[in-house]
Amino acid sequence: MERYNFKNTEEKWQEYWDKEKTFSVKIEKNKKKFYCLEMFPYPSGKIHMGHVRNYTIGDVLARYKSLQGYNVLHPMGWDSFGMPAENAARQNNLSPKDWTESNIETMKTQLKRLGLSIDWDREISTCSADYYKHQQEFFLELYDKGLVYRKENYVNWDPVDKTVLANEQVIDGKGWRSGATVERRKLNQWFFNITKFSNELLEGLNSLDEWPEKVKIMQKNWIGKSFGCEISFQIESDKNIKEIKCYTTRPDTLFGMSFLALSVDHPISELYSNDPNFIKFKEECSKTGTTEEAIAQAEKIGFKTDLIAINPLDNNIKVPVYFANFVLMDYGLGAVFGCPAHDQRDFDFAKKYKLPIIEVVSKEGKAIKNLKEAYTGEGKLINSDFLNGLSVDQAKKTIVKKIEENKLGLKKTLYRLKDWGISRQRFWGCPIPIIYLKDGSIVPVDKSELPIKLPDDVDLN
């Protein structure tokens, strides 16, 4: 983990460390090279052979670099907040603080016996108020700059551990620790506004010359920049609904549209909030979870509304509007038009509800009867009026131009990247330095009052 091997002057290094105020590193005139290894275990109770293996490797590196003339920084940190410690403390009828500090002492004693070259004078622990007061100050800086905010959003909820799970902690629709089926639940959350930097993050990948290519591709897909357009669909209804807007990356398939699908969280859902059938449908959707994996694997289900959507390219093409469990509100506009012949998700949905499947892109230039699955490859446009014979790319450009000229929508760029939810639903973690007033408003804690500490006596049940 060669972290700090910069080729700067001695003065620059001194300026860097003074600014950071994280470690006080002595700059020796005869040592202009620096090397840092960081150890950051979770204090589970006792060290195991995995710890011994990794820390022995680190120790060898630290000693080797020291002999080479490097100024070596070899600190110890404890990743000591989190749900596992809270659960273990509750099971053992102890406070998480006592449980964690006892584990740290045990593991520290064991590691010292190994004779590792760890600098114990530079030991930190994330559950120490001396440490997390800096996190709180950092949070307030972000809050002041509008880079952290609060809103209601759907999350993965583990009904056994009673906590929010990241998408990576949901395996086959179940919580990674409890094995319980994960539910969708709407909670008030704090978020980092990372989507503000979507394009910077994407372009920054080009400068990471030493990163493995497969990792950069994963990051690129995670950020997920897509080019498409926003389209307005006129609606026929006895309700006060005039239009529904959709975002799509495949405007070339508009003539293959056979339904329009909405997220159950779409504002239009308010019109059906008293419909017992819709309420039941929404409860069923909540069992799907929020991960793309869970949605992809779940059976596609829908609730048919009394709304009719009109194809903007041909007013004679009118299709039903559904609420569907595979449409998410936090991507695009929470609405998609379904083209079953060229999207497998739409294909499965159309088969289930016996909707038309109209092929509009053909590899061979002619339609195939009784498609067995959606065709998502390149080809020529068919069954598409003025688009017939064009390639997919040509058709996209033609459609977007026509839609913009007729004021039916506009060209748009979206990102899959979502703002980073950082809230805890449990006790044992860094307190967020915000005061919640009775009238619902919030006030940031003054920095002079930091750290805001966790209470020592709390009933974890």
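Visitor: How do you know that strand E10 (residues 225-236) and strand E13 (residues 302-310) are joined?

Guide: The two run antiparallel and are joined by 3 bridges. Helices (H or I, at least four residues) and strands (E, at least two) are themselves DSSP runs, numbered from the N terminus. Across this pairing, Ile235 stands opposite Ala309 in E13. The model is predicted: local features need pLDDT of at least 70 and side-chain atom pairs count only at pLDDT 80 or more, while totals for chains, interfaces and linings use all residues. Residues are numbered from 1 along each chain as its sequence is written, and side-chain values use heavy atoms, with hydrogens and water left out.

Visitor: Which residue stands opposite Ile308, and in which strand?

Guide: Ile308 faces Pro320 in E14. Strand E14 (residues 318-324) pairs with E13 over 6 bridges in the antiparallel sense.

Visitor: Why is the pair of Phe192 and Trp420 called edge-to-face?

Guide: Rings of Phe, Tyr and Trp (its six-membered ring) pair if their centres lie within 6.5 Å; planes under 30 degrees apart count as stacked, over 60 as edge-to-face and the rest as tilted. The centres of Phe192 and Trp420 are 5.6 Å apart and the planes stand at 70°, so this pair is edge-to-face. The pair links distant parts of the chain, 228 residues apart: Phe192 lies in strand E9 (residues 183-192) and Trp420 in strand E19 (residues 420-421). The structure holds 23 aromatic pairs.

Visitor: Is Phe192 buried or exposed?

Guide: Buried means under 20% relative accessible area, exposed over 50%, and partly exposed in between (1.4 Å probe, protein chains only). Phe192, at 18%, is therefore buried, whereas Trp420, at 51%, is exposed.

Visitor: What makes the aromatic pair of Phe278 and Phe323 tilted?

Guide: The planes of Phe278 and Phe323 are 50° apart, with 4.8 Å from centre to centre; that angle belongs to neither the stacked nor the edge-to-face class, so the pair is tilted. Phe278 in helix H8 (residues 276-285) and Phe323 in strand E14 are 45 residues apart. Phe278 has a relative accessible area of 3% and is buried; Phe323 is buried as well, at 0%.

Visitor: How do you know that Arg184 lies over the face of Tyr154?

Guide: A charge sits over a ring if NZ of Lys or CZ of Arg is within 6 Å of the ring centre and within 35 degrees of the ring normal. Arg184 is at 4.1 Å from the ring centre of Tyr154 and lies over its face. Lys352 likewise lies over the face of Tyr353, at 5.8 Å from the ring centre. Tyr353 also belongs to one aromatic cluster with Phe259, Tyr322, Phe326 and Phe349.

Visitor: Why do strand E6 (163-165) and E19 stand at the edges?

Guide: The open sheet has 4 strands in the order E6-E5-E9-E19, with antiparallel pairing. E6 and E19 each have a single partner strand, so one side of each is left without a neighbour in the sheet. Within this sheet, strand E5 (residues 148-158) and E9 pair over 10 bridges, with Asn153 opposite Leu187 in E9.

Visitor: Why does Gln394 count as partly exposed?

Guide: Gln394 has 40% relative accessibility, which lies between the buried and exposed limits, and therefore counts as partly exposed. Gln394 is found in helix H11 (residues 392-405).

Definitions and conventions:
Pairing = 2+ DSSP bridges.
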